[in-house]
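Colleague: I am new to this protein. Can you walk me through it, one question at a time?

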Amino acid sequence: MVTEDTLTKIRQFREGKINFFKGLITAFYVAGLVGMLIPELRPLFQWLTPFHLLSNMAILLLFHNEWSKKFIAFMLFAFIVGFGSEVMGVHTGFPFGNYKYGPVLGIQLCEVPLMIGVNWLLLVYVTGTVAARISSKAIIAAIIGAALMVFVDLFIEPVAGTLDFWTWENNVIPTSNFLGWFGVAFIIHLVYQRLTRLQDNPVALHLLLNLTLFFLILNFTI
């Protein structure tokens, strides 16, 4: 029989684990911010960017509670659709506009970094978790999730070129980027909401806030 004392210790252990990884996420972003702001360190931290994305994804999945075929299908769908839309965008200009990727995000396939697929999955996961808290209706949650992703992208785009993530034709961010971003995000979010509504991940909102603040601060400092 499990005693109340044992249950308390289990809860304390879990809370401690959550707090540790929340602190680790914040430490990663603070270190990344400092590294990007110091010109002598920026090349190193640019090189570390793919590993940072992978570590973020790993921490999210560490706290994911419901592994199923549907969830794995969702992950594959998010990666493939996100990555595929970027390949189409780079080669045709649709749906985002005319742009090209720099070398910072790592190994590329069809002139698009593989990490971009991970980035789409990560952003849909964290914004989808938040959106599911706000509404239980799939289509409304999908709209909220896609809108949150556009909101985050508003802070990413102005510094992406400076960090050599990607560059826009004539250095102008087109309106089509945000419309295309919303459209692709909405499709992935709708599948997420219909296929597998993720259980609340205790680090998802914390990661989203850190990521948003990271790019917000960079907008005013580089």
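Colleague: How many helices and strands are there in the protein chain?

Modeller: This is a predicted model, where local features need pLDDT of at least 70, side-chain atom pairs count only at pLDDT 80 or more, and totals for chains, interfaces and linings use all residues. Residues are numbered from 1 along each chain as its sequence is written, and side-chain values use heavy atoms, with hydrogens and water left out. Helices (H or I, at least four residues) and strands (E, at least two) are DSSP runs, numbered from the N terminus. The protein chain has eight helices and four strands.

Colleague: What is the radius of gyration of the protein chain?

Modeller: The radius is taken over C-alpha atoms, and the globule rule is 2.2 Å times the number of residues to the power 0.38. For 222 residues that rule gives 17 Å, and the chain comes close to this, so it is as compact as a globular protein of that length. Its radius of gyration is 18 Å.

Colleague: What share of the residues of the protein chain counts as buried?

Modeller: Buried means under 20% relative accessible area, exposed over 50%, and partly exposed in between (1.4 Å probe, protein chains only). Of the 222 residues, the buried share is 45%.

Colleague: How far apart are the end C-alpha atoms of α4?

Modeller: Helix α4 covers residues 69-92. The expected span is 1.5 Å times one less than the number of residues. For the 24 residues of α4 that gives 34 Å, and the model agrees. The end C-alpha atoms are apart by 34 Å.

Colleague: What do the buried residues of α4 pack against?

Modeller: The buried residues of α4 include Phe71, Phe74, Met75 and Phe83. Contact means heavy atoms within 4.5 Å. The partners of these buried residues are α3 (49-62), β1 (99-101), β2 (108-109), β3 (112-113), α5 and α7 (175-195).

Colleague: How many aromatic pairs are there?

Modeller: Rings of Phe, Tyr and Trp (its six-membered ring) pair if their centres lie within 6.5 Å; planes under 30 degrees apart count as stacked, over 60 as edge-to-face and the rest as tilted. By this rule the count is 19.

Colleague: Which kind of aromatic pair do Phe71 and Tyr125 form?

Modeller: Their ring centres are 6.3 Å apart, with 85° between the planes. The pair links distant parts of the chain, 54 residues apart, with Phe71 in α4 and Tyr125 in helix α5 (residues 115-134). Phe71 counts as buried because its relative accessibility is 0%, and Tyr125 is buried too, also at 0%. The pair is edge-to-face.

Colleague: Which residue lies over the face of Phe63?

Modeller: Phe63 lies in the loop between α3 and α4, and it is buried, with a relative accessible area of 3%. A charge sits over a ring if NZ of Lys or CZ of Arg is within 6 Å of the ring centre and within 35 degrees of the ring normal. At 5.5 Å from the ring centre of Phe63 lies Lys17.

Colleague: Is Asn171 buried or exposed?

Modeller: Asn171 is not a glycine, although its phi is positive, about 55°. The residue is in the loop between β4 (166-168) and α7. Its relative accessibility is 68%, so Asn171 counts as exposed.
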